[in-house]
Amino acid sequence: MNVTTADLTDPDLFAEGRHHAVFDRLRVHDPVHWHRSGDGGFWVLSAYDDVAAAYNDHTALSSEGGPMLGGSFRSEADPSAGRMLVASDPPRQRMIRQAVHRAFTTGMIRKIARQVSELVDAAVARAVADGGCDFATDIAPELPAGAVMAMMGVSHRQAHELIGMTRRMIGFRDPFFGDTSDDERLRLAVVQSEIFEFFSEIVRDRRANPGEDLASYLLQAEANGRPWPEEMVLYNCMNVAVGGNETSSYTACAGLVALLENPGQLALLREQPQTVDSAVNEILRWSSTNAYVMRVATQDLEIRGRRVSAGDSVTLWNVSANRDPSQFPDAHRFDVTRSPNRHLSYGVGIHRCIGAMVAQTELGILFRKLADNGLDLALAGEPRRLRSNFIQGITAMPVHMSRR
């Protein structure tokens, strides 16, 4: 396979781990690559410097086309444009971010940490008692569950109900999450409508009983002196839920696999627990769970001498930038002490993930517990990877777990 025939829309390319070799070649031979797809195509940015620069260019590259190729799969234009944080440009992006940020205070992060720690402790104890578990379904989802419970004021059951829906939304092309024989657009629209209905019920309750939670804060938000329309509240609840639910748990799975496949690194982490923070950053770089984001050119521009036309889709591949040897020496080596480690897994600039500190907190709690010297861990089978070119994840991961 060469760079002109590799299909970056093929989810199996990513599920089978063949994409890294493709990006290694693209960075060297065609770092600003035109990828033909259907009747048109899209640009592929694979080099670290180009991806970082594109994140910071809010004039020529717009976020209003949505974060992924194909938009919402319900219409040509993304209906959330200008109304959802990840699908907005300045100055509206700044206004939306300020409102959403009210749910990410230091106090809220402490509350999330307590909830996540309690859930992870209980999940690990159950796994040890049983001699093992499916880490991907029994432990990793407790990270976003704890965050959802704290931020949205819902029960553990409701948190997992929401996680199930966001997982089906992101995994809409994966038979692991249901029948994939029907129309993709319809399947995605159905699960999106289920998520909106979930949040609609919460919003109705918070109108009558406001609290210290995301929906309540967004119901208090104003644009031009008027309360946000309800669809803006719903879009941004979904934005936070999908962003948090689908990244931290999948990153946790990838991190544990990396540690078990590199036992020297796990031993180092156990010998030097103070390296957990740097280990979390290496796990984020290594996993690059959000493989890419999309932008749309608002004007003609040049990138490395290639002419990008107004209206073209431009994809920023975090998964490639995070393995660029010009930024990360020995980039294909997993190193829990790597420093500096300016990975792009959270993006950069004004679109840096608003939940980055929440994810750092969740992952830090989990890997401090897994690095316990008294815990024996081993893979009990081959992990099953998500069929997606947008989110890199592990959907099944049997592990042995016991106490020494």
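Helices (H or I, at least four residues) and strands (E, at least two) are DSSP runs, numbered from the N terminus. The model is predicted: local features need pLDDT of at least 70, side-chain atom pairs count only at pLDDT 80 or more, and totals for chains, interfaces and linings use all residues. Residues are numbered from 1 along each chain as its sequence is written, and side-chain values use heavy atoms, with hydrogens and water left out.

Five of the six residues of β7 are buried, so the strand is largely enclosed by the rest of the structure; buried means under 20% relative accessible area, exposed over 50%, and partly exposed in between (1.4 Å probe, protein chains only).

Rings of Phe, Tyr and Trp (its six-membered ring) pair if their centres lie within 6.5 Å; planes under 30 degrees apart count as stacked, over 60 as edge-to-face and the rest as tilted. By this rule there are ten aromatic pairs. Two of them are listed here.

| Pair | Centre distance | Plane angle | Class |
|---|---|---|---|
| F176 and F177 | 5.1 Å | 85° | edge-to-face |
| Y292 and F390 | 5.2 Å | 70° | edge-to-face |

The pair of Y292 and F390 links distant parts of the chain, 98 residues apart: Y292 belongs to strand β7 (residues 292-297), and F390 to the loop between β12 (384-385) and β13 (394-396). Y292 is buried at 1% relative accessibility, and F390 is buried with a relative accessible area of 10%. F176, by contrast, is partly exposed, at 40%. Ring pairs also link Y292 and F390 with F14, F23 and W317 into a cluster.

A charge sits over a ring if NZ of Lys or CZ of Arg is within 6 Å of the ring centre and within 35 degrees of the ring normal. R167 lies over the face of Y250, at 4.2 Å from the ring centre, and R323 over the face of W286, at 3.9 Å from the ring centre.
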